[in-house]
Amino acid sequence: MKPRTLSWGAVALTLMSVAHPSYAAECWTATTVNSRTGYGESVSLPKYARLRQAANAAEKTLRGDQTLAAIDGYRFQLSQSFNMVEEHGRAYTGQVWLRLHAPDVWSDGAGCAVRQGEADYFNQYAIEINFNSVSEVIAAAAATSDEDEPVIANLPPEAARLYEDTGLIRTVGEGVRAFRSDGGRVLVPLTVAEHLTLWERRLERLISEGAGEPLTSQLQDLRRHRSGLSDVGLRAPIWLDGSETELWSYARPGQGAPIYQVAPELLTPASDPSYVRLLTVGWYAPDDDATGQRLQAWTAQFDEARAAALFQAAEGVQ
């Protein structure tokens with residue numbers, strides 16, 4: 001879990017008041033290394049080999065990136081970490097974290113050092129490359145679910161357009177681009193069939209708990225509605241516009257906002273937990289901040305070819 005600043009406004013004022021020499025990305029302070037996972041395992045174990053290969057390739061990509069190198073005024077620091085997640089895919093995960101440290105945490109004197117404790121605590125700017133972690137997609141899309149239900153993302157129309165046009169999933173102060181090794185999408189439309197099945201189960205549960213006649217009528221209406229739909233109608237994506245008259249009803253396509261879900265196959269346990277099947281590239285920064293906008297632009301321009309190179313590196317293909 002990455003640390004977050006508790007008072008970004010106060011820190012921003014501090015940064016503005018401190019004058020230091022400017023450094024660009026050729027100034028790299030010591031890399032931080034987590035030699036063990038959160039479960040106490042050594043990351044040198046063979047089962048983490050694919051992730052180590054992918055992480056090393058990602059680090060090389062970040063160090064050699066000219067766009068990032070053009071961002072001056074910070075000291076750059078990389079870290080790698082690996083773990084095992086027990087939910088959302090149950091796979092081995094890896095992270096490469098590039099932090100941009102502002103002058104108020106720099107150490108005095110020559111070199112590129114920082115006061116590490118303060119740098120860790122007050123860091124506001126970073127690029128993150130994560131492998132096999134669905135959490136970043138869920139957080140950026142503000143997706144939610146109940147147990148045994150789809151993980152649903154109710155994207156505002158402008159956020160949906162951004163995702164469809166660029167692949168970028170954005171929220172306040174951060175966002176991600178996500179890639180699958182099989183080329184599939186990470187957010188997919190929730191279909192009419194899935195939506196009706198979801199509400200059928202919800203209504204059945206509420207009725208069994210004593211909700212009463214109004215919901216029984218809704219359940220009957222839902223089933224009648226579904227029986228009259230064609231296969232094409234059942235496969236259509238769900239839209240909501242706020243005018244729905246029943247708990248289960250929905251709008252016509254193109255009206256309101258489209259409803260997405262996290263691709264269900266990313267939420268099922270991986271058949272091979274060491275295989276790298278998901279890559280997320282993201283940033284975080286104060287919202288509407290000039291450096292943050294540059295990090296967002298860099299993330300948005302991270303393309304399929306770069307992602308493919310990292311997937312290949314995980315398999316030992318250079």
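Which residue in β7 does Thr 171 stand opposite? Select Thr 171 and look across to β7: the residue there is Glu 174. Keep in mind during the tour that this is a predicted model.

**Stop 1: the hairpin**

Now select residues 168–171, which form strand β6, together with β7; the two strands pair in the antiparallel sense over 4 bridges. They make a hairpin with 2 residues between them. In the turn, click on Gly 173, whose phi is positive, at about 80 degrees.

**Stop 2**

Select residues 174–180 to show the whole of β7. Of its 7 residues, 6 are buried, so the strand is largely enclosed by the rest of the structure.

**Stop 3: two arginines of β7**

Show the side chain of Arg 180 and then that of Glu 265; they meet in a salt bridge, 2.8 Å from N to O. Glu 265 is in the loop between β11 and β12 while Arg 180 is in strand β7, so this pair ties together parts that are 85 residues apart in sequence. Arg 180 is buried, with a relative accessible area of 10%, whereas Glu 265 is partly exposed at 38%.

Next, select Arg 177 and Glu 304, a salt bridge in which the closest N and O atoms are 3.6 Å apart. This pair also links distant parts of the chain: Glu 304 belongs to helix α11 (residues 304–314), Arg 177 to strand β7, and 127 residues separate them. Arg 177 counts as buried, with 8% relative accessibility.

**Stop 4**

Select Asp 272 and Arg 50, whose side chains meet in a salt bridge of 2.8 Å, N to O. Asp 272 sits in the loop between β11 (260–262) and β12, and Arg 50 in helix α2 (residues 49–63), 222 residues apart. Asp 272 is partly exposed at 32% relative accessibility, and Arg 50 is partly exposed at 23%.

For a group of four, select Glu 200, Glu 204, Arg 223 and Arg 226, which a network of salt bridges links. The whole structure has 17 salt bridges.

**Stop 4: the disulfide**

Finally, select Cys 27 and Cys 112, which are joined by a disulfide with an S to S distance of 1.9 Å. Cys 27 lies in the loop between α1 (8–17) and β1 (32–33), and Cys 112 in the loop between β3 (92–101) and α4 (116–122), 85 residues apart. The torsion about their S-S bond is about 125 degrees, so the disulfide is right-handed. Cys 27 is buried at 8% relative accessibility, and Cys 112 is buried at 14%.

Technical notes: Residues numbered from 1 in each chain as written. Predicted model: local features only at pLDDT ≥ 70, side-chain atom pairs only at ≥ 80, totals over all residues. Heavy atoms only, no water. Disulfide = S-S within 2.5 Å. Buried < 20%, exposed > 50% of the residue type's maximum accessible area, 1.4 Å probe, protein only. Pairing = 2+ DSSP bridges.
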